[in-house]
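Here are a few notes to read alongside the model.

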Amino acid sequence: MQTNAADAAGYSEDGLGASTRLDALSQQASANGEHMAATSLRAFAELAKVDHLAYKMDIYQVVSGHSDRTPDSFASHTACRLGKWYHEGEGRRCHSHLPGFRELEAPHEAFHRVGIEALQHARDGRHEQALAAIARMETLSLDVIGELDRMSDAAAQGHAHA
C-alpha cells in the first residue's frame with residue numbers, strides 16, 4: 001500500500017511538472033504568435049508604403065506628360081491593397097483596435113481623391129492647381145505613413161491583441 005502511495009505521489013509530481021512545462025510552452029507560443037502578428041503588420045505596412053510611392057510616381061508620370069493613363073485607371077482608396085486590407089481584410093479583422101487604425105481612413109481616402117484631382121487639373125491644363133493638388137497628396141501621404149507606423153509600433157509594443 002505504501003508503494004502505491006509513493007507511486008501515486010510520484011505520478012502527481014510528474015503531472016504537476018508536466019503541467020508547469022506545458023503552461024510555460026503555451027505562454028511562449030502565445031508570445032511568439034503576438035510577435036509574428038506584429039511582424040506581419042510591420043511587413044504589410046512597409047508594402048503599403050511602397051504601393052503608395054508607386055501610386056504617387058504614376059500620378060507624377062501622368063501630370064508631367066510621360067504617361068497617358070486616365071484617372072479611372074487608378075485604384076480607389078477601397079480598391080488598392082491597403083484599402084482592401086482596411087475595409088474587408090486582415091486589417092479590420094485583426095488590427096482595428098490599434099491606435100492609428102481609425103485615423104488612417106480619412107487621409108488614405110483623401111490621398112487617392114487628391115491624386116485624381118491632380119490628374120484632372122493637369123488634363124484640363126490647370127497646371128498650378130495640379131501642382132497644388134500634388135503638394136496636398138504628399139502631405140496626405142505622410143499622414144498615411146504616420147498612421148501605418150503608429151499601428152505597427154503599437155503592435156510591436158504588445159498591443160497586438162489588446
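1. A word on terms before we start: a residue is called buried under 20% relative accessible area, exposed over 50%, and partly exposed in between, using a 1.4 Å probe and protein chains only. By that scale Gln-61 is partly exposed, because its relative accessibility is 37%.

2. Please keep in mind that this is a predicted model, in which local features need pLDDT of at least 70 and side-chain atom pairs count only at pLDDT 80 or more, while totals for chains, interfaces and linings use all residues. Residues are numbered from 1 along each chain as its sequence is written, and side-chain values use heavy atoms, with hydrogens and water left out.

3. How many helices and strands does the protein have? There are 5 helices and 0 strands, giving the pattern α-α-α-α-α along the sequence. Both kinds of element are DSSP runs numbered from the N terminus: helices are H or I with at least four residues, strands are E with at least two.

4. Back to Gln-61, which sits in helix H1 (residues 2-63). Leaving aside residues up to four places away in sequence, Gln-61 touches His-66 and Ser-67; a contact means heavy atoms within 4.5 Å. Leu-119 is 58 residues from Gln-61 in sequence, yet the two C-alpha atoms are 9.9 Å apart in space.

5. Now look at His-108, in helix H4 (residues 101-123). Is His-108 buried or exposed? His-108 counts as buried because its relative accessibility is 4%. Its contacts, again not counting residues up to four places away in sequence, are His-52, His-77, Cys-80, Leu-82, Gly-83 and Val-144.

6. H4 itself has 23 residues and spans 34 Å from first C-alpha to last, close to the 33 Å expected at 1.5 Å a residue. That expected span is 1.5 Å times one less than the number of residues. Just after H4 comes Gly-125, with a positive phi of about 80°.

7. Cys-80, one of the residues touching His-108, is buried because its relative accessible area is 12%. Cys-94, at 34%, is therefore partly exposed. The structure holds 0 disulfides, a disulfide being a pair of cysteine sulfur atoms within 2.5 Å.

8. Finally, the whole protein. Of its 162 residues, 32% count as buried. Among contacts between residues at least 6 apart in sequence, 72% join residues at least 24 apart. The protein exposes about 9,600 Å², and carbon and sulfur atoms supply 55% of that area; accessible areas come from the Shrake-Rupley method with a 1.4 Å probe, and for residues only the protein chains shown count as cover.
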